[in-house]
Amino acid sequence: MRTDRLVAVLLLLQRREQVTAAEVARELEISERTARRDLDALAMAGVPVYSMQGRGGGWRLVGGARTDLSGLTASEARALFLVAGQASPATPAVKAALRKLVHALPEPFRVQAEAAASSLVMDPQRWGSSQVERRPPRFLDELQDAVIRGVQVRLGYVDRGGAETERTVHPLGLVAKGPSWYLVSDTETGRRTFRIDRVSSADPTGDPVHRPEDFDLAESWREIADEVDRRRTPLVVQAVCVPHGIGILRMGLGERLEVGGSTPDGRIEVVIRGHDEYTLAGELAGLVEWLEVTGPPGVRDHLASIGSALVERYG
């Protein structure tokens, strides 16, 4: 909190050029004594701030100096403040912090930066989909605070089957995957990932987190996501596709499609992942104009059965 106040005092000095301890106290809702201590702390930290005594006195930055807290160019400032707009998925705390940061920008940047915050609307709903408002999960702020402070959390959690458990975890990082938030943690049984909307309680213990020295959140999440994909789509199908059909396959299968090299007859080898043979055969049945499945045999058998049923009904 002290660091936050010192930054707020510096922003206030930059905006008003001169302030009194009483003005700082009113602005930050602290005592005048605390305000004076904070102003003295800025000076001791090397910020070029000094006090003028007597009537009309107060605290000023030396020579009207401005400490650039951002180092941003004009275009970078505009891009940053797009995150602070009403359409942004950022948390209210992030938006509030970014709006305060605008006061640290040079005057020419300020108008465009403020305008950027209201220049964009993002509507995540597809046409025809229900208008469901997605709010941040209940314990997101508490868990983010635990990650930043590096403290263990006594976590209540409800699994997919509805069973509730409680355990102490070492929070390592947060990940937003689409509309869902996940907590990556170490536990007594190893690295675990928790969906934050299933967290029923989050109580910091005050004990420090044991964070592996080589831990990298982005790399860890890639490993987790790859493992989840393998579990969701354990079946691998080999096939060949005519070149002009690759685009159609990409639209229908997305990341479950892997494109390989060309065959002697000019077709392209592909690998397709799916959940089970019957379901995947049903998906691929509509692609027979471009695609020939070469394995496994079970998928080919299901395709043949689907073809026979179609001929019997519509032939």
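Analyst: A helix here is a DSSP run of at least four residues, a strand is such a run of at least two, and both are numbered from the N terminus. The model itself is a predicted one.

User: Which helix gives the most to the lining of the largest pocket?

Analyst: That is H8, which supplies eight residues of the lining; helix H8 spans 217-232. Strand E5 (164-177), strand E6 (180-187) and strand E7 (190-195) also supply at least two lining residues each. The pocket holds about 1,100 Å³ of space, and of the 25 residues that line it, the closest to its centre are Arg160, Tyr182, Ile224, Val228 and Arg232.

User: How is the lining of the largest pocket made up by class?

Analyst: By class, the lining has 15 charged, seven nonpolar and three polar residues.

User: Why is Arg230 called partly exposed?

Analyst: Buried means under 20% relative accessible area and exposed means over 50%; Arg230 has 49%, and therefore counts as partly exposed.

User: Why does Tyr50 count as partly exposed?

Analyst: The relative accessibility of Tyr50 is 31%, which lies between the cut-offs of 20% and 50%, so Tyr50 is partly exposed. Tyr50 has its place in strand E2 (residues 49-52), and together with Met52 and Val62 it forms a nonpolar patch on the surface, with about 230 Å² of accessible area together.

How values were computed. Residues are numbered from 1 along each chain as its sequence is written. This is a predicted model: local features need pLDDT of at least 70, side-chain atom pairs count only at pLDDT 80 or more; totals for chains, interfaces and linings use all residues. Side-chain values use heavy atoms; hydrogens and water are left out. On a 1 Å grid over the protein atoms alone, a cavity is a set of points where a 1.4 Å probe fits but cannot get out, and a pocket is an open set with protein on both sides within 12 Å along at least five of seven lines; lining residues have an atom within 4 Å of a point. Grid points are joined across faces, edges and corners, and a volume is the space filled by probe spheres set on the points. Ala, Val, Leu, Ile, Met, Phe, Trp, Tyr, Cys and Pro count as nonpolar, Asp, Glu, Lys and Arg as charged, and the others, Gly among them, as polar. Patches are made of residues with over 30% relative accessible area and no salt bridge: like charges are joined within 9 Å, nonpolar side chains (Val, Leu, Ile, Met, Phe, Trp, Tyr) within 5 Å. Accessible areas come from the Shrake-Rupley method with a 1.4 Å probe; for residues, only the protein chains shown count as cover. A salt bridge is a side-chain nitrogen of Lys or Arg within 4 Å of a carboxyl oxygen of Asp or Glu. Buried means under 20% relative accessible area, exposed over 50%, partly exposed in between (1.4 Å probe, protein chains only).
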